[in-house]
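I set out to record, entry by entry, what I looked up in this structure.

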Amino acid sequence: MNHRHVAWLTAIVYFIQGALGISAVALPIYFRNLGWSIEQITTIASLASLPWIFKIVYGYFSDSFPLFGVRRKSYLLIYLFCSVAGWVALACWGKQPSAVLVSLWIANLGFAGTDVITDGLVVEKSDREWSRLYQSLSWGCRSLGAVATGMLGGWLMSQVEPKTIFLITACLPLLALPPLLLVHEQPAQAGARPLGGVSTAKEVLRFCVRKETLGWFAFLALATSSALFGTPFFFHMKEKLFFANDFLGFLISLGWAGAALGSLAFGFWMTKIPVKHTLYVVVAVNVLNILSTYAVRGPDSAVWLILFGGIATGIVLIPMMSVAAEMTRGTGAEGSIFALMMGFFNLSQIAWGFLGGKLFAMAGVNNLILISALLQGLAFFLIAPFIRNQKPVSDYVVN
């Protein structure tokens, strides 16, 4: 495989992931226009995200069962067209909850599978010269896609029907076809089977029952609790603060721009801090970020606080993902274990979002924010017992 072709493919795939923000305003408003309650919307949104928790399965099938003689390109083609089919189905038939759920399952299966298989290509091609480029492309292009399309999606909601936006979203995966066709993949050996499949499964199980692993999973679960009030707060801004659709789209773009700034700030000032201390900063920033939501009272405060929230997200994610990657090192099943942890990370977000929808009618958005902040604070007590290594985060980032 040619490095440059894989780099182009990586850039476009992650740009597409970020560009899904073009439907971030249209989707919940479309559901609201169907007459659904906030609880119904959060339930469907949570269930629709389930394909993202099975990332380890997509990687295993790609590794183990070549299609048409290759392990990556064939699966990527299938997943890309799944994404297209899911959004087209939503635009054409997405009125009943069951139809919406099936459509979004197909679309998210496509995007999650594309993410995993692209990561597999990147891992295969990573070396000392190209690994940093791949990592930079992944984050940078995803942020670029989100910044570019968040505001566009809000503006489009003021111009066209949501179904039109869904059809535009369906076209995005097709952007990855030209670079994918240019990638030359070596054929898999005929009849090849996964190397050490049983051993890998045993290693994954052994990793999962370690005391440190259980503590880290608990930390990840608490660190994602801000999803508890995400959808209710969106409708709070829409229906209580009366923010226009294009302004909501602008806020989405602003949040992603802040995340890019936060990642740069982390790279400049925090990579030399011992990882345990960095995780304390992660928890503190998360709590402050959540509590700052109370101060969103109008457009001006929303702009500054959403920007701060985006910066906080950038600061928070890098050390968490770096520690997760480091914990897998030397296990012999690094790819499978990391995919498992990312699947659990996604599952935690889904579970909190689902629970938030159930609690909203009883607790209200302000109490959900407070509960989320308290849950984040509990993560303080998980750091010292389970993260003993005092190396700086820069030693954890895979270069």
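**Entry 1. Basis.** I worked from a predicted model, in which local features need pLDDT of at least 70 and side-chain atom pairs count only at pLDDT 80 or more, while totals for chains, interfaces and linings use all residues. Residues are numbered from 1 along each chain as its sequence is written, and side-chain values use heavy atoms, with hydrogens and water left out.

**Entry 2. Salt bridges.** I asked how many salt bridges a search of the whole structure finds. The search returned three. I counted a salt bridge where a side-chain nitrogen of Lys or Arg lies within 4 Å of a carboxyl oxygen of Asp or Glu. Side chains of opposite charge can pair when their charged atoms come close.

I looked up Glu239 and found that it forms a salt bridge with Arg32, the closest N and O atoms being 2.6 Å apart. Glu239 belongs to helix α12 and Arg32 to helix α2 (residues 26-33), so this pair ties together parts that are 207 residues apart in sequence. Helices here are DSSP runs (H or I, at least four residues), numbered from the N terminus. Glu239 has 30% relative accessibility and therefore counts as partly exposed; Arg32, with a relative accessible area of 28%, is partly exposed.

I then noted the salt bridge in which the side chains of Glu39 and Lys358 meet, at 3.1 Å from N to O. Since Glu39 lies in helix α3 (residues 38-48) and Lys358 in helix α16 (residues 334-378), the pair ties together parts 319 residues apart in sequence. Glu39 is partly exposed at 30% relative accessibility, and Lys358 is partly exposed at 38%.

Asp115 forms a salt bridge with Lys55, with 2.9 Å between the closest N and O atoms. Asp115 is in helix α6 (residues 97-125) and Lys55 in helix α4, so parts 60 residues apart in sequence are tied together. Are these two residues buried or exposed? I recorded both Asp115 and Lys55 as buried.

**Entry 3. A helix pair.** I examined helix α5 (residues 73-93) and helix α8 (residues 162-171), whose axes come within 8 Å and cross at roughly 170 degrees. The axes are lines fitted to C-alpha atoms, for helices over the stretch in contact, and angles run from 0 to 180 degrees between N-to-C directions. Val84, Trp87, Val88, Leu90 and Ala91 in α5 meet Lys163, Phe166, Leu167, Thr169 and Ala170 in α8, where contact means heavy atoms within 4.5 Å.

**Entry 4. A loop residue.** I located Thr224 in the loop between α11 (211-223) and α12 (230-240). Thr224 counts as buried, at 3% relative accessibility. Leaving out residues up to four places away in sequence, Thr224 touches Phe345, Ser348, Gln349, Trp352 and Gln376.

**Entry 5. Leu355.** I placed Leu355 in helix α16 and noted that it is partly exposed, at 34% relative accessibility. The C-alpha atoms of Leu355 and Leu368 are separated by 10.0 Å, the two residues being 13 residues apart along the chain.

**Entry 6. Phe61.** I found Phe61 in helix α4 (residues 55-64), where it counts as partly exposed at 39% relative accessibility. Phe61 forms a nonpolar patch on the surface with Phe54, Val57, Tyr60 and Phe65, with about 440 Å² of accessible area together. Such a patch joins nonpolar side chains (Val, Leu, Ile, Met, Phe, Trp, Tyr) within 5 Å, from residues with over 30% relative accessible area and no salt bridge; areas come from the Shrake-Rupley method with a 1.4 Å probe, and only the protein chains shown count as cover for residues.

Methods. Patches are made of residues with over 30% relative accessible area and no salt bridge: like charges are joined within 9 Å, nonpolar side chains (Val, Leu, Ile, Met, Phe, Trp, Tyr) within 5 Å. Helices (H or I, at least four residues) and strands (E, at least two) are DSSP runs, numbered from the N terminus. Buried means under 20% relative accessible area, exposed over 50%, partly exposed in between (1.4 Å probe, protein chains only).
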